[in-house]
Amino acid sequence: MAELHQTPTSLCCCRKSLPVSGALCVGESGRPSAGPGPGSPRSPLVDVASASNFRCFQLRHFHLDLRLNFAVKEMSGWLVLDLVPVQLGVCTLVLDSHPSLLIHSIDCKVPGAGLDEPVSLTYRVDPFTDYGSSLNISLPTAAVKPGRLIQITVRYTTTDGPAIWWLDSELTCGQTRPLVFTQGHSVCNRSFFPCFDTPAVKSTYTATVRVPDGVTVLMSASRSSYSKRDRVFQFSMEFPVPSYLVALVAGELQHVDVGPRSRVWAEPCLLSCAVKKLGGSVERWLGVAEDLFGPYLWGRCDIVFLPPSFPIVAMENPCLTFIIASILESSEFLLIDVIHEIAHGWFGNAVTNATWEEMWLSEGLATYAQRRITTEAYGEAFTCLETVVRLDALHRQLRLLGDNNPVSKLQVKFEPGVNPSTLMNLFTYEKGFCFVSYLSELSGDVRRFDCFLRDYISEFKFKSVVAQDLIDYFLGYFPELKDAAVAQREGLEFERWLSGCGPPPYEPDLSAGGALIRPVQDLCDLWRSTDPPDLQTLSTFDLSAWSTFQIVLFLDRMLDHSPLPHDVMVSLSGCYSSLFDGLNAEVQIRWLQMVVRNTFYPDLPRVRAFLHKHTSRMYTVPLYEDLVAGVMKCVAVEIFYQTQRRLHPNLRRTLQQILFQTSSVPTNQNGPSALSVIPPASPPPSSTAVFGHRRDVRMPVATATAADLNTVRRKSFTPEILKG
C-alpha cells in the first residue's frame, strides 16, 4: 500500500492526519479509563437487547478492515477486537451478530502467552431475536486469563442487514452514482460487524475502507486520511463510543468548510443549497453550546446530507451528523434538527444511557439542551413556540394510546425480544425534557442548572450511566434539595417520573411564547365554528408573515378537529392552499393530511403532486396511511404504482403493507423505520395542551410488550418525525 498522505481536499471527517503510532486504547495517553468509576452503571447491568457476555470483558479497541463492493452490494473484510477478560474461567466470547452476516473464519492471538501467531477458533451462531443472533466463540482456555489482552479476528461478509442501506444511483439525489450508508441506532450495527451491541460498552476504533475509484468514504471518526493511489480511506476514533455510533457513508460526496471545525458534505447537486442554508450557523451554535455545557469534546462537527431514503431525520454520529436532505426545504426544522444533534455531542454521545430502557437520558437531556441553545441564540419566544408544537404532539399521542400505556414511561421495561428501536417515541423526548425542566426548576435558577449540567458532563464524560447516576449526582450537587426531600415530593416523586405511565407530572411555563402562540389559537377558534369566518375578520391574520412553526401549529390543531364541515374546507382551501403550495414540505404535508382526512376532492391533485415529488419515509408514509384509512385507497394504490420505482425497496415494502394489509415484515426494517412516526388511522379527539401545572399520574405495574409498541407505531400523530 502506498504511503498515506494528507490531502486536505479529500479528507473525510477532519483535517488531522492519522497518528503514526498504532491504535490508541481507552485508558492510554491520558484518555478516559473504561474501568469502574463514578459513571459506571450499577452492577449487575442487564441489557435484554444484547445476546453478548459484555460484562465478562473490557473492550479496549477494535479495528475494521472493509472492502465495499457496490456491484453485489456487499462489504467484506475483517474485524479485530482487543479484549481483556475481567472474570475467571471465561471460556466463551459471545458477540451480537445477525443472520445477514456471513462468518468465514475466526482466530485468536494472545500476545505474550505463547499465542503470538493466530489460532483458529470454533464458533457457532444461535438465534436470539428477530433483530439479531448470537455468535458464540470458544476461547483457548489455557491462554485466557483476567487482565491479559487477547485479540480476536473475525472475517466476514455483510449481505442485506438492517444497518446497511445500499442505494442504486436512481435513488440518490444526483442519480449518477450509487451510495451506501449505515444506520446503527438502536441495535442494527450487529448486522454491520459482530460486536457488544449495547450502549453500556464504549471503546475507541480504527477503520480501513477500500472503495472503487470516484467514491468518497466518511465515518464517524475524529481523524482520517486517504491514499488516492490505493483508493484506501483510514479512520481513527480516538474517543470511546458505543457500537451504535459507528457509522459509514460512501458515494459521490463533496464538501465545503462552513467553520473552523465544521464542514458540510453532500452530493454535488445538493452542496450549494446545504451550504447556503447553514452558512456560518454551525460554529455559532457550537459556541453557544460550549458556553452552556462546557467544551465540545469531539473535535470535528461535520454534517453530511443524505438522500431521501435515509430512514430518519437525523442521527448524531460523533464528528459526523447524518441528516436527510429533504429537511433542507424548511429552514426552521433544519435549525432545530441540527441543533438537537449538536446537543447530543454532550448528552447521548459523551454521556450515554447504559441501556435502551432509559433512552430518555440521551434524548430528554438533548432536547432540553437544544432548547437552551435556541433560547440563547433566538430568544425565549421562538423556543416556547417550538416546544408547544412538540408538547401538543405528545398529548395527541397520549389521547390515542391512553394514560396507562407502559410505553409512556421514562424507564420502559420491555420484554426480551422487543426491538428497542420501537421505543423511539415522543415520551422519550418530551416527557424526558419535562423531567429535566423540572430538575432545572428545582435548582432555582436556569444558569445554576447550566452549571450543574456542565459539571455532570465533566464527571461522566465517555461513560454510560443509568438514571440513578443522574439523580444521585443532582442531589449531591444540590444538597439543600436532598435535605428537603424533593425526590419524594407528593405527586412529583422522582420514582413517579421514571416509572409512572401517562403525561408528565409537570410542564414548564411557556407563556413567554404567547405573542407567537395566541394568534395561532385565535385563528383556530375562528375556523372551528360550524360556519366559515368572514373575510374581514380573517384579513387580520397574515399567514404569509407567520413562521413555519406557527403555521404547523395551526394546521396540527386543525387536524385535531378534523373532519370539518365541507364549506369550512372550501373556505380554508380558498384562503390558504395557494399560499401553502409555495411553502415547505412540513407545511404542505399537514395541509394535505387535512385534505385527505376531510375527503376534500378539489385539492386531491395537490396530494398526487406531493407524493410524486417526495420519496422519503417522513413525507410519504403519513399520507398513505391517511389515504388508506379513508375512502381514497384506490388513489393511494394508483400513486404507488406510478412512483414505486423511485422508492427505496424498504419503503416500498412498508407502503405495500399499508396498502395491501400484508403481515410480512420488511427485511431491512428492524431499526431505522421504527424511528419514523406514522399518523393515526383515524382523526384524534380534540384536546388542548395545558402547561405549567401538576398532573396526577397513575402507576400500574406493566412492561412494554411487542403489541404495545406496535400500537405506538399504528396510533401516533400528525407528522411529528423523531430525531436521532
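**Contacts and burial**

Analyst: This is a predicted model. Once the neighbours within four places in sequence are set aside, Phe554 is in contact with Val520, Leu523, Cys524, Trp527, Leu543, Trp546, Leu572 and Tyr576.

User: What makes these residues count as contacts of Phe554?

Analyst: Contact means heavy atoms within 4.5 Å. Val520, Leu523, Cys524, Trp527, Leu543, Trp546, Leu572 and Tyr576 are in contact with Phe554 on that basis.

User: Which residues touch the most other members of the largest nonpolar core?

Analyst: That core has 239 residues, and those touching the most other members are Ile152, Phe305, Tyr456, Phe494, Phe554 and Leu572.

User: Why is helix H13 called largely enclosed?

Analyst: Buried means under 20% relative accessible area. In H13, 13 of the 13 residues are buried, so the helix is largely enclosed by the rest of the structure. H13 covers residues 548-560 and reaches 18 Å from its first C-alpha to its last, close to the 18 Å expected at 1.5 Å a residue.

User: Which residues of H19 are buried, and what covers them?

Analyst: The buried residues of H19 are Asn650, Leu651, Thr654, Leu655, Ile658 and Leu659. Their cover includes strand E9 (164-167), helix H17 (617-629) and helix H18 (633-643). After H19 comes Gln661, with a positive phi near 55°.

User: Where does UniProt place the feature "active site"?

Analyst: The unreviewed UniProt entry places it at Glu341 and Tyr429. They are spread over 89 residues of sequence but cluster in space, with a largest C-alpha distance of 12.9 Å. Glu341 lies in helix H3 (residues 331-344), and Tyr429 lies in helix H6 (residues 426-443).

User: Why is Glu341 called buried, and why is Tyr429?

Analyst: The cut-off is under 20% relative accessible area. Glu341 has 3% relative accessibility, so it counts as buried. Tyr429 has a relative accessible area of 2%, so it is buried too.

User: How many residues does the protein have, and what share of them count as buried?

Analyst: The protein has 724 residues, of which 63% count as buried. Its secondary structure comes to 20 helices and 22 strands. The protein exposes about 24900 Å², and carbon and sulfur atoms supply 52% of that area.

How values were computed:
Residues numbered from 1 in each chain as written. Predicted model: local features only at pLDDT ≥ 70, side-chain atom pairs only at ≥ 80, totals over all residues. Heavy atoms only, no water. UniProt positions renumbered as here; feature names shortened; annotations may be inferred. Helix = DSSP H or I, 4+ residues; strand = E, 2+ residues; numbered from the N terminus. Buried < 20%, exposed > 50% of the residue type's maximum accessible area, 1.4 Å probe, protein only. Expected span 1.5 Å × (residues − 1). Core = buried A, V, L, I, M, F, W, Y, C linked by side-chain atoms within 4.5 Å. Areas by Shrake-Rupley, 256 points an atom, 1.4 Å probe, with all protein chains shown as cover.
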